[in-house]
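Visitor: Please walk me through this model. I will ask what stands behind each label.

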Amino acid sequence: MGIVEYYARALTRGRFSLISFAIQPLSFIFIVYIVSGGRFLNTALAGAIVSFIAGVGIADLAIELVGMKTRSRFYDIIMSLPGSNWRKALGISVGMSVPAFPYVVLLTAILLWRLGVGAFPRMLGAIISLWLWSVGVGFLLGVKGKEPVQVMRLSNLLVTGLTVFPPVYYPVSVLSEWLAKVLIFFPTVSASQVLSGAGGSAPLITTLLWGILGLVFLLRFKGLEG
């Protein structure tokens, strides 16, 4: 809890920190809503949730972990704390995700209002699974990465490639059938499908499997030395 509290205070400090953190996903909701005339609002809201989760896991967490290698004293303090390494990894992951939490809760509440409370179990499963996968990838990048600048560029490329271009903010149905069948296996696309109330059980199963993979990455964490 101490690690979580540290990151929560550090990342939410400042008047505009939470606003600047959320400006891109909220902008995409606005753009998709205007362009689609409101028809794709559920998907746009789901896409923003996916972007918040993928962003804090793949980008923010990975960059923070690589930065720790250059801040050896801070890293040594964390690793000297009592508890297993995977619990420390979990604490860092939860702490880095704190800025996204209020937005994910708000957007999820709006989607529940539109879809009905019966959709909550599927949405919760998708959110947890996507978060596990995202922080798992973040830890993989953080442990394997050598230079903060390179990890920053790679993580930004991954987040953009996985959330902006695939059907995350817009429905998969607007794409050709063969392309939709391929992209639905992307963790971000399958999670967006579940969160927006589209598709059957296949997107949920796909998202859960990606979550299990992320959990494996977390459990295998032994330290930033790889």
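Guide: Of the 55 residues in the largest nonpolar core, Ile 49, Ile 58 and Leu 195 touch the most other members. The model is predicted, so local features need pLDDT of at least 70, side-chain atom pairs 80 or more, while totals for chains, interfaces and linings use all residues. Numbering starts from 1 along each chain, and side-chain values use heavy atoms, without hydrogens and water.

Visitor: What makes a set of residues a nonpolar core?

Guide: Its members are buried Ala, Val, Leu, Ile, Met, Phe, Trp, Tyr and Cys, joined through side-chain atoms within 4.5 Å.

Visitor: Which helix supplies the largest share of this core?

Guide: α3 does, with 18 residues.

Visitor: What does Ile 49 contact beyond four places in sequence?

Guide: Val 104, Leu 107, Thr 108, Leu 111, Ile 127 and Leu 195. Contact means heavy atoms within 4.5 Å.

Visitor: Why is α6 called roughly antiparallel to α7?

Guide: The axes of α6 (residues 101–115) and α7 (residues 120–144) cross at roughly 150° and come within 11 Å. Angles over 145 degrees count as roughly antiparallel. Therefore α6 is roughly antiparallel to α7.

Visitor: Which residues make that contact?

Guide: Val 104, Thr 108, Leu 111 and Leu 112 of α6 meet Phe 120, Met 123 and Ile 127 of α7. Six are nonpolar, one is polar and none is charged.

Visitor: Why does Val 32 count as buried?

Guide: Val 32 lies in helix α2. Buried means under 20% relative accessible area (1.4 Å probe, protein chains only). Val 32 has 14% relative accessibility, so Val 32 counts as buried.

Key:
Axes fitted to C-alpha atoms, helices over the stretch in contact; angles between N-to-C directions. Helix = DSSP H or I, 4+ residues; strand = E, 2+ residues; numbered from the N terminus. Parallel < 35°, antiparallel > 145°, perpendicular 65-115°, else oblique. Nonpolar A, V, L, I, M, F, W, Y, C, P; charged D, E, K, R; others polar. Buried < 20%, exposed > 50% of the residue type's maximum accessible area, 1.4 Å probe, protein only.
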